[in-house]
Every structure is written in structure tokens, then in C-alpha cells.
Amino acid sequence: MPVKNRQPEPRYIFIFVFLIIMFVLVQASQAAEKHKDEHMFLDSHLDTPLLVDFSALDITKRYSWQNDYVQVDLPRMKEGGLDGGFWVIYTPQGPLTQDGYARALKEARQRNAVIDKMVRDAPDDFALAVQGQDARAIIAQGKRVVYKSIENAYPLGEDLSLLDEFYAAGVRMVGLVHTRNNQFSDSSTDSGGQKWGGLSPLGKELIARANALGMVVDLSHAHDDALEQAMALSKTPIILSHSGASQLYTHPRNVPDRLLKQLAETGGVIQINSLSGYLRKLNVDRRRLPELIKIYSEYRAPDSANGEVGAKHIAYTAKRRALDAKYPPQYADISDVLDHFFYTLELMGPEHVGFGMDWDGGGGVANLQDVSDLPKVLAAFRNRGLSEADIAKISGENLIRLLAVAEKAARD
Ligand SMILES: [Zn+2]
């Protein structure tokens, strides 16, 4: 018998190489999975309570942007790795009268009740959070984190003790103003110009009250003068819960470098938003916005014929689709959002930037249309060479730090 050739056969080499490749692929996908899970991922501006309220939206079900104009729900949060964040009690600006205040207060209380109901209806999926440390504990239980914030303090009227009521209800962040001047502050976008030269005397009292309670003070939407005064006045760092950099696009909603640097120096954070019209210049038909506002105000009008669950939302989406056909919307791109991230990261450092995409409040751009697209942003961070430690800060730790600092200052 001839001695057998001891050389391995080509097919064994092939199998061996195949196994090595499989091993490497499994390791890589486990590493990616680990990335997805190891960082706490919070967004500081989720306007979804509006939709839950008006349309009896069941947030545990899957919707889509294309069909439903909805950007946040439980299945897509899981898909995008979003652990939760601040769910917004938003009230539009109305007249500065006792009547106006009373109506707005009723609406804000209703929005707060909607957030509570959302959590109560799905106790295995959502949990209310009030302290900085709550987020990690809730995530460890496999649930989504529900902090509450106020966008536009208008419903408080001139009675600051109402801030205590909302604090007791769990609210831990208060935004002073929206698109028009109110009793607390000048807005960055009031067509009539400034009313107070920044903060009003009542606005200054509101910040002091928020500091005493341990709430984070939010100056998104406020005039630059109000932001500058708030940074000087507040005992704890200011947040811009959904804003951008005016160096990239000159718009009153964006913030100039001088103030962004000051924000970083005072320990504050800018949470980058994804509202197309704030990110860059677009050429949308001027007739679109008034019609969109009309459709939206019909949608949010407290009508009664809202019998069937979701019926109101179906009517709203039909109108919006017709409007989109008539005057097509223009969206910025994920690259514009990334530009605002990278610019502010460069200017301010990774301790002072985070996510406040304005989901279900006007945010969302091409290729970043809902929360399920968020891993694309994290992938871009990694491509850019950001460290995992820095990504962890941006995706949640900075936000939690501000909350913890506000709590501690109130305790002391
Ligand atoms: Zn806003």
C-alpha cells in the first residue's frame, strides 16, 4: 500500500476557512448587538403624547411615517434602540389673559394625564422616571423610560405655584416659551419682535422656582437674549432640548457660537433637533405651511365625534397626504443632522451635545424619518471615530447628568 498523502484536501481547507469567516461574522454581530444595548439612549423631546391624545394612538402597536405620519411607537423604539426620554407636555401659545391661561392649563393637565395613561396601560413596557438614576434601573427591567417635560410654560399663567403641581406630577424639565413671546420670555420667532428684552421678571422667578424644585430649565425656542440671561441666572446648567447651530444655518431657532460656547462653559447641553426647516434652507411652496397648520388645528380641535379609535387620525392622514401631493414637502437629509452634531461636538465637546430630534413634533428628515433609523446616526458617529465613551455621553449620559445636577442643587 502506498503511503497516504498527508496534505489536507482542498475541501477541508475550504471548510476551515469558512468556519473562521463565520466565527468572525458572529463576533462582529455580537459586538454590534452589544453596542446597541450598552449605551443608554434617550431623546429629550418626544412630542408623541400629542398623537396619543388626539388619535387614541396605541403606542404599543407599530405605525409608520409613510402611512400614518407617526414617528415613535414601542416596536420602532426597540428596533432603533431608543430607551425613552422626555415625553412632552406641549401647549400652543394663546392670548396672555386669564381666560387663555385657564384654557391652556386645562390642556396641559390633559396632556399630563395622557402620558400617565400611556404608562398605566402598558406597565410592562413603560415606566415613569423622575430622578436621574431612574433611567438605568428602568432600562435594566427591559422597559422604556418616561420622563416628563413642559414645552411652553404658558399654562402656568402668573401662578408659579402651578409649577409645583407639575413637579408633583413628575415633570422634571420646563421650557419657558414656544414660537411667540409669552409672560415669561421673548421667543426667538415672534414676528412682532421682542417684548421683554429677554426674560420677563416673572420668567426670572420661574427659573428660580425650577432651581428650587430641581427641574432642568430648557431655553429651546427662546430668544438669544433670554438664553444668555438664563445662563447667568440659573443655579444649574441650561438645556436646549431641541435646537441647532446658527453657524450652519442662520435661523432664529438656531444658536450662535458665542452662546453655545457659554452653554458648554456653564455645563449645559444642546440636544440636536431634526426639523428640516431649521437645518438648512429649503424651497418649500409658501402656500404649504398655512394649509398644514389648518389641517393640524382641525386635528387637534377638541371635537366630540371622535368615537372610533383612530378615526380622527385616519382623517388627518388623508388630508396630509392630499396636501403632500399638492405642495410636496421638502426634507433635509440625515447628513444635515450629522453636520449639526459634528459642528457642535467640535465646538463644545462631547459632554455638551445630545439627541432632541423633535419626533412627532416636526422632526424627521430623509433617511432619518423615525426612531427606527437612529442606529444610522450612531453608525455615523463610529465611522467618524468617536469613542464609545463619548457616544454614551451624547446618547444619554449628558441628559441624565443635567437632571442629577438639578436634583442635587435643589437638595442642597
Ligand atoms: Zn419645539
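**Burial, contacts and the zinc site in a predicted model**

User: What makes the pair Ser-241 and Asp-218 a polar contact?
Analyst: Their side chains are joined at 2.6 Å, and the cut-off for N or O atoms is within 3.5 Å. The pair therefore counts as a polar contact. Asp-218 is also listed among the residues in contact with Ser-241, leaving aside neighbours within four places in sequence; the list includes Ser-44, His-45 and Gly-356.

User: How do you know which residues are donors of the zinc ion?
Analyst: Glu-151 (OE), His-221 (NE2) and His-242 (NE2) coordinate the zinc ion at 2.1 to 2.2 Å. Donors must lie within 2.8 Å of the metal, so these atoms qualify. Along the chain, the donor spacing is E-x69-H-x20-H. Glu-151 in strand 4 (residues 144-151) and His-242 in strand 7 are 91 residues apart, and the pair links distant parts of the chain.

User: Why do Glu-151 and His-242 count as buried?
Analyst: Glu-151 has 6% relative accessibility and His-242 has 1%.

User: Why is Phe-18 called partly exposed?
Analyst: Phe-18, in helix 1 (residues 10-38), has 45% relative accessibility. Phe-18 belongs to a nonpolar surface patch with Tyr-12, Phe-14, Ile-15, Leu-19 and Met-22, with about 640 Å² of accessible area together.

Technical notes: Residues numbered from 1 in each chain as written. Predicted model: local features only at pLDDT ≥ 70, side-chain atom pairs only at ≥ 80, totals over all residues. Heavy atoms only, no water. Polar contact = N/O pair within 3.5 Å; in protein donor to acceptor, adjacent residues only side chain to side chain. Contact = heavy atoms within 4.5 Å. Donors = N, O, S within 2.8 Å, 3.2 Å for Na, K, Ca; no water. Helix = DSSP H or I, 4+ residues; strand = E, 2+ residues; numbered from the N terminus. Buried < 20%, exposed > 50% of the residue type's maximum accessible area, 1.4 Å probe, protein only. Patch = residues over 30% accessible without salt bridge, like charges linked within 9 Å, V, L, I, M, F, W, Y side chains within 5 Å. Areas by Shrake-Rupley, 256 points an atom, 1.4 Å probe, with all protein chains shown as cover. Salt bridge = Lys/Arg side-chain N within 4 Å of Asp/Glu carboxyl O.
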